[in-house]
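Have the model open as you read.

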Amino acid sequence: MSRIAVSTLALVALVAGVAAYFLTGSFLGSLPPLGWGWVTLPVVAVIDLLLALRVRSAISDGGVGQDRSQMHPMTIARCAALGQASAVLGAAAGGLGTGLVLYFLPRLGELAAAGDELPVSEAVLVSGAVLVGAGLFLEAACETPPSDDDLGGLAQST
């Protein structure tokens, strides 16, 4: 599995931000308030961080294998996929938050909903960025260190 490209995350954030900016202007009266839904993003980020620490510990201690006391390699692959999905979700949420902040910030004095929605939009933006970082950290934690064979026999003996 290849690592997710930063350009992919930037494109997802850009598309989400532009869509949020223009769709908010068109559908502001019919959209429900953002509320507390953004709280799930930091919760997923904490889960990603805990999984990353567990996977890193298992890889560094040699605790990866088929035994019941070891972490299964498929579990690590699933964690890597979760890390990638979290990074994409965080990029989308960060782009959404950016689009909403850019829409509401200049309209603070003239739009009543702007004062209510701006703090929530900022929270979505920050939570999305935190989730991107946690997802990328989880994805990086799932990489195995190179073996001696991968180095072409250039490993130093200790």
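## How the two helices run

Helices α2 and α3 are roughly antiparallel to each other, a label for angles over 145 degrees. Their axes cross at roughly 150° and come within 10 Å, with α2 covering residues 40-60 and α3 residues 73-104. Axes here are lines fitted to C-alpha atoms over the stretch in contact, with angles from 0 to 180 degrees between N-to-C directions. Helices are DSSP runs (H or I, at least four residues), numbered from the N terminus.

This is a predicted model, where local features need pLDDT of at least 70 and side-chain atom pairs pLDDT 80 or more, while totals for chains, interfaces and linings use all residues. Residues are numbered from 1 along each chain as its sequence is written, and side-chain values use heavy atoms, leaving out hydrogens and water.

## Who touches whom

On the α2 side, the contact (heavy atoms within 4.5 Å) is made by Leu41, Val44, Asp48, Leu51, Val55 and Ile59. From α3 come Ile76, Cys79, Leu82, Ser86, Leu89 and Ala93.

## The cysteines

How many disulfides does a search of the whole structure find? The count is 0, using a cut-off of 2.5 Å between cysteine sulfur atoms. Cysteine 79 has the sulfur of cysteine 142 as its nearest cysteine sulfur, 5.2 Å away.

Cysteine 79 is buried at 6% relative accessibility, where buried means under 20% relative accessible area (1.4 Å probe, protein chains only). Cysteine 142 is buried too, at 9%.

Terms used: Angles under 35 degrees count as roughly parallel, over 145 as roughly antiparallel, 65 to 115 as roughly perpendicular and the rest as oblique. Buried means under 20% relative accessible area, exposed over 50%, partly exposed in between (1.4 Å probe, protein chains only).
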